[in-house]
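My notes follow the model below.

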Amino acid sequence: MTVTVVVGMYWGDEGKGKIVDYLADSYDVIVRYQGGANAGHTVKIGKETYVLHCVPSGVLTPDKENVIGNGAVIDLQALVGEMTELSSKKKEYKLYISNRAHLTLPYHIALEKRDGAIGTTKRGIGPTYTTKVERTGVLVGDLKNPDYFRKKVQANLDRYKPALDSLGEKLNADDIVAQQLSFYPAIEDMITDTVYLLNGWLKECKNILLEGAQGALLDICFGTYPLVTSSNTTAGGACTGSGIPPNAITNIIGVLKAYPTRVGEGPMPTLMPDDINEEVRKAAGDEVGATTRRIRRCGWPDFVAAKYSKIVNGLTSVALTKPDVFDGRQQIFICENYKRGDKIVSKFPAGAYDLGECKPELRPIDGWNNTSGVTSYEKLHDNLKVHVELIEQNLAVPVSIISTGKERDSTIIRRPELIFPK
Ligand code: IMP
């Protein structure tokens, strides 16, 4: 039995969708365990590109069990819309939804209009996790008791009345309940207690792949607070968001994009100058947010952040993505320390303010070329191999996968024993 967690190591958009899609074929079950419709996992298969927001990337591989765990928050309109789109593309899949997952309801989305300052995705994520913690949230499992469901919705509308009034939002409980119940038939048979389901599969020695959303530096506890998302994006979230116990986890793969990117507000010390940022975005082709279409800011490889991410996730290996985007560059700059005033900072600071005070100490390394589509490590440019070794030395963890392009096949497997079921 193998249980593998895949997490992002920077601020999201590292290419987790491609890695999960690649690994899915070797696993029996794929689980989304946190976040909601704020995520955007882009997967390219042949000529078709899929952008998944709610469902696990395993839906694109036939005959897999897919689970949305209790730690996720679910916008039924977005979920059912995505399911309809998959059906229109003739994708068949098996999906189970935790009865403990919280629903994102229209008042969550309305309330987020107040929170413009941090540049959220406006999908109601923060307000949904807020009502979860306030103990006023509505669970997927509540849908089967319409009276109880309505009571909870009404209590929230009453509670948030002053805020909703000030936003000019005129929501009423009957409309919300009617709208949500209209989605219910599409998912009714999928709703179950996924804690027992997953633990039953563990007993049967099924192999389980847990798919993270966003990245470690957006984690509510460990990220650049307060400019973070509202869930635990780090590996611990895989347990609390699924009910799979920590001692069942065998592998934790950190997806390390060759360069960090960030959408939304917040500091990124290794931010590239505007002209290089533009060149990198052009070379990558798609450095805009998969959910909001906002431009992603790009930075040089940041080992201070990546080392921190390795620690808080307990990584057992790293999947390096998008090194091909740097193809043809003479020089690349890497950051192994920050500086604050004249002090060296080698530990990732605890909050956005302190991180914003840090400047990167950049060191040039020789660039590489002809990475795109390469499928064997031996065929990579020598300078890229040096960079891979530098990552391994800095992070003290092996690089198990190198992705050399968007397609499934553009993948190098260096350490199969660290990523595939035994
Ligand atoms: P929220 O998750 O919509 O509350 O947004 C909080 C922060 O996380 C904002 O800076 C968003 O841009 C960022 N964020 C949320 N989801 C993603 C994602 O999937 N990729 C990258 N950034 C994200």
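I began in β10, where I found Glu211 to be the bridge partner of Val6; strands here are DSSP runs of E of at least two residues, helices are runs of H or I of at least four, and both are numbered from the N terminus. The model is predicted, with local features needing pLDDT of at least 70 and side-chain atom pairs counting only at pLDDT 80 or more, while totals for chains, interfaces and linings use all residues. Residues are numbered from 1 along each chain as its sequence is written, and side-chain values use heavy atoms, with hydrogens and water left out.

I then noted that β1 (residues 3–8) and β10 (residues 208–211) run parallel and are joined by four bridges; two strands pair if DSSP finds at least two bridges between them. Both belong to an open sheet of ten strands with mixed pairing, in the order β9-β7-β5-β2-β10-β1-β11-β14-β18-β19. Its edge strands, β9 (191–192) and β19 (411–413), each pair on one side only.

Helix α1 (residues 16–24) packs on this sheet, touching β1 and β10 among other strands, where contact means heavy atoms within 4.5 Å.

For the backbone, I recalled that most residues other than glycine have a negative phi, and most peptide bonds are trans. Asp13, in the loop between β1 and α1, has a positive phi of about 60 degrees although it is not a glycine. Arg135, in the loop between α4 (125–134) and α5 (146–159), likewise has a positive phi, near 65 degrees. The peptide bond from Tyr225 to Pro226 is cis, with omega near 5 degrees, and Pro226 lies in the loop between β10 and α9 (236–240).

Conventions. Axes fitted to C-alpha atoms, helices over the stretch in contact; angles between N-to-C directions.
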